[in-house]
Amino acid sequence: MILESQLFQPFTDEPIAVTSESGEWIAPFELDLGPDELRRMYQDMLLGRAVDERMGRLQRQGKVSFAAPSGGHEGAQVGIAHAMRAGHDWLFPYYRDVTLPLAIGVPVVEFVAQAMGTAADPSRARQMPYHPSSKALNIFSAASPIASHIPPAAGCAISMKLRGTDQVTVCTFGDGSTSEGDWHAGVNFAGAQGAPIVFACQNNRYAISVGFEKQTGSDSIYTKAHAYGMPGYFVDGMDALASYYVMREAVQRARDGFGPALVELLVYRYGGHSTADDDSRYRPRAEVEAWRKRDPIARLRRFLTRKGLWDEAAEREAEAVVKAQVDDAIAQAQAAGDVALETMFEDVLAEVPERLVKQRSELLG
Amino acid sequence: MSTLEALVAAARPEAARVITFSQAVREALAEEMRRDERVFVIGEDVAEAGTPFKVLSGLVEEFGPGRVIDTPISEAGFTGLAVGAAMTGMRPVVDLMFGDFLTLVMDQLVNQAAKTHYMSGGKLRVPLVLRTTLGATRRSAAQHSQSLQAWVSHVPGLIVVTPSTPYDAKGLLKTAIRNDNPVVFFEDKMGYTDKGEVPEGDYAIPFGVADVKRPGEHVTLVATSSMVQVALKAADELARQGVSAEVVDPRTLFPLDKETLVASAKKTGHVIVIDEGYERYGVTAELAAVIADGAFYHLDAPVKRLGAMDVPVPFAPTLEDVTVPTPEVVVALTKRLLAGEA
Ligand SMILES: Cc1ncc(C[n+]2csc(CCOP(=O)(O)OP(=O)(O)O)c2C)c(N)n1
Ligand SMILES: [Mg+2]
């Protein structure tokens with residue numbers, strides 16, 4: 001279904017960009033974001049990057065057991081976040097989403113406490129790091145088994161349709177995830193049901209060590225949308241504003257009852273797959289360096305600077321704010337201390353079953 | 001290798017080296033791949049990465065990407081693919097990164113691999129090996145820490161192997177690869193760096209033969225996979241307290257060496273069965289039933305079981321560590337059992 005008001009065509013050969021590498025506006029339509037919104041996007045990316053870097057450091061210090069570097073994904077993630085109605089729409093993220101949940105409104109302290117498994121973690125220290133969830137913000141927990149969140153996301157969207165709400169579900173994942181049966185089941189279902197959902201693929205061309213050519217015989221992900229009866233958009237995910245505008249259109253389309261879409265955002269992860277991964281075994285350094293030069297944060301900064309919305313002083317101030325925010329969150333998360341042992345026995349079922357009552361009393365005396 | 005280890009190794013040329021569990025697995029695979037060109041490895045991140053646990057490092061360099069095959073992220077896909085390849089003359093060794101992903105391959109494993117031989121009237125065989133992991137305490141939480149060996153042990157048509165030492169891992173993996181049936185081979189992810197003596201060159205350990213890891217008189221600790229080291233540590237502590245514990249490792253859950261388990265139970269009269277999976281409807285339930293059945297009139301007390309608590313594995317270390325049996329828990333239960341209080 002093609003809408004009158006649409007800015008973008010699906011199934012383009014080239015990735016959609018609205019700014020050039022040097023930060024010029026190159027889209028054939030007018031920018032309609034105000035200075036505050038633009039600056040907020042930029043600050044959200046700075047925060048995402050700062051959290052990412054600090055978590056990596058905490059992992060190396062043994063204070064966090066696992067971290068999934070997300071540097072290079074911030075542009076796509078901030079675009080996705082700002083295209084959603086935070087706390088109204090549902091988000092089904094994946095473990096590499098850092099900027100995304102933070103930009104939706106997950107407090108930094110919750111993100112950090114979740115990763116550290118302290119008592120300040122709303123999910124009660126039960127999930128792996130980088131799997132924050134929020135009932136208040138309609139954020140489902142990332143799945144450790146790749147793509148197992150895709151059918152639940154489609155189900156959430158179908159529920160929205162059945163209940164007649166004006167919510168949209170947004171579901172993110174990596175390129176590797178698209179090989180799972182669950183991915184196809186979920187996307188197919190959404191297509192068949194015309195469910196209000198946007199599938200957003202952050203394609204960094206690797207699944208741990210496995211390159212994109214081994215992942216699929218197709219040379220792209222967005223083209224797969226065609227077979228499931230939905231539009232597929234191909235976006236330069238290093239362009240935060242392109243990510244935002246395409247996602248905004250896809251989300252609006254879903255909200256207006258025109259069904260699902262698949263958006264492929266081309267990104268790169270600068271770091272290893274996780275803190276345990278030595279990516280030099282499978283990725284040439286020159287490739288990493290080439291992508292770093294296309295950094296989404298630097299690109300948006302150039303754009304803002306050109307428009308007179310940002311300068312050195314603003315940068316210094318924003319960095320100081322973000323650093324204080326992260327320092328404070330880590331201190332708070334740590335100060336909360338360990339979760340109490342007895343909490344472990346709750347929530348397996350709605351009531352604590354007899355066997356667990358017995359195991360609890362054996363453990364706690 | 002320490003100087004002492006080197007001296008020990010030099011004195012015993014047959015058991016020439018001390019290597020890790022993961023080296024033992026890799027060595028078995030490499031030797032079988034050299035011996036039999038039908039053997040190939042398939043799974044996620046098995047080639048350049050050599051798996052996230054670095055178990056397969058170096059294999060792709062020797063055997064090439066045609067025999068060490070990186071797959072798309074599609075566990076059901078590559079397990080089913082292995083069924084098709086096994087059935088038509090190949091010997092696939094499937095690498096399933098986390099045991100939790102058994103959930104994803106169950107259809108191919110249970111409805112295809114386990115039944116093709118039977119449903120084809122014995123005409124088609126499925127000689128595949130599926131290697132996967134079990135074990136908690138890696139801080140990987142509920143969806144990456146499960147020990148699901150009970151699930152596959154329930155299914156006729158599958159062989160289930162649970163090595164606990166580098167020596168057993170190498171010898172049992174060779175048997176698994178040469179076996180004409182589908183074999184599920186569990187490796188304790190926390191035990192990959194455990195070291196032990198492993199002979200160079202070829203040897204195979206038959207299925208269905210338990211191993212007495214430590215002889216004893218007063219109590220039998222039947223332990224599987226990750227729990228063997230826990231039982232041995234408990235036995236050390238019990239020895240200091242004057243209790244002699246026998247530690248028996250079934251090594252394969254199916255086929256099961258009932259005789260060795262029952263004989264040990266008859267000898268000591270007290271048995272605790274320990275497995276890292278859940279107790280309820282679990283491996284420990286089956287082993288306890290087999291022992292109770294075979295040694296009932298020789299037992300001085302009911303057979304006791306230890307397994308994971310009935311909770312999804314939580315993330316916080318303080319929580320996670322108490323969900324699985326520890327040497328302290330085994331020691332305490334043993335003392336209560338021997339005192340007639342369990
Ligand atoms: C079902 C399942 N299979 C395998 C894994 C191991 N694993 C974790 S992340 C990952 C790669 C995912 O790649 P992609 O979807 O491209 O996301 P990226 O990490 O590149 O952002 C793999 C194979 C897993 N967690 N779950
Ligand atoms: Mg990827």
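Predicted model: local features only at pLDDT ≥ 70, side-chain atom pairs only at ≥ 80, totals over all residues.
View 1. A compact globule with 342 residues would have a radius of gyration near 20 Å, and chain B agrees, since it has 20 Å. In secondary-structure terms, chain B has 13 helices and 14 strands.

**View 2. An open, mixed sheet in chain B.** Here 7 strands line up in the order E3-E2-E4-E5-E7-E6-E12, with mixed pairing. Strand E3 (68-70) and strand E12 (252-254) of chain B sit at the edges; each has a single partner strand, so one side of each is left without a neighbour in the sheet. On average, neighbouring strands of this sheet are turned by 20° against each other, direction ignored.

**View 3. Zooming in on E5 and E7 of chain B.** Strand E5 (residues 129-134) and strand E7 (residues 183-188) of chain B run in the parallel sense and pair over 6 bridges. To get your bearings, look for Thr133(B), which stands opposite Glu187(B) in E7(B).

**View 4. Where chain B touches chain A.** On this side, 28 residues of chain B are in contact with 36 residues of chain A. Helix H12 (residues 317-323) of chain B gives the most to the side that touches chain A, with 3 residues. Sorted by class, that side of chain B has 16 nonpolar, 5 polar and 7 charged residues.

**View 5. Helix H6 of chain A and its packing.** Now over to chain A: helix H6 (residues 181-193) has 13 residues, which at 1.5 Å a residue should span 18 Å. Its end C-alpha atoms are 18 Å apart, so the span agrees. An α-helix has 3.6 residues a turn, so residues three or four places apart point the same way. With that in mind, pick out the buried residues of H6(A): Asp182(A), Trp183(A), Gly186(A), Val187(A), Phe189(A), Ala190(A) and Gly191(A). What do these buried residues pack against? Their partners are helix H5 (150-163), strand E3 (197-203) and strand E7 (261-266) of chain A. Just after H6(A) comes Gly194(A), with a positive phi of about 60°.

Terms used. Residues numbered from 1 in each chain as written. Chains lettered and ligands numbered in written order. Helix = DSSP H or I, 4+ residues; strand = E, 2+ residues; numbered from the N terminus. Expected span 1.5 Å × (residues − 1). Buried ≥ 20, exposed ≤ 12 C-beta atoms within 10 Å, placed from the backbone. Contact = placed C-beta atoms within 7 Å. Pairing = 2+ DSSP bridges. Axes fitted to C-alpha atoms, helices over the stretch in contact; angles between N-to-C directions. Rg over C-alpha atoms; globule rule 2.2 N^0.38 Å. Nonpolar A, V, L, I, M, F, W, Y, C, P; charged D, E, K, R; others polar.
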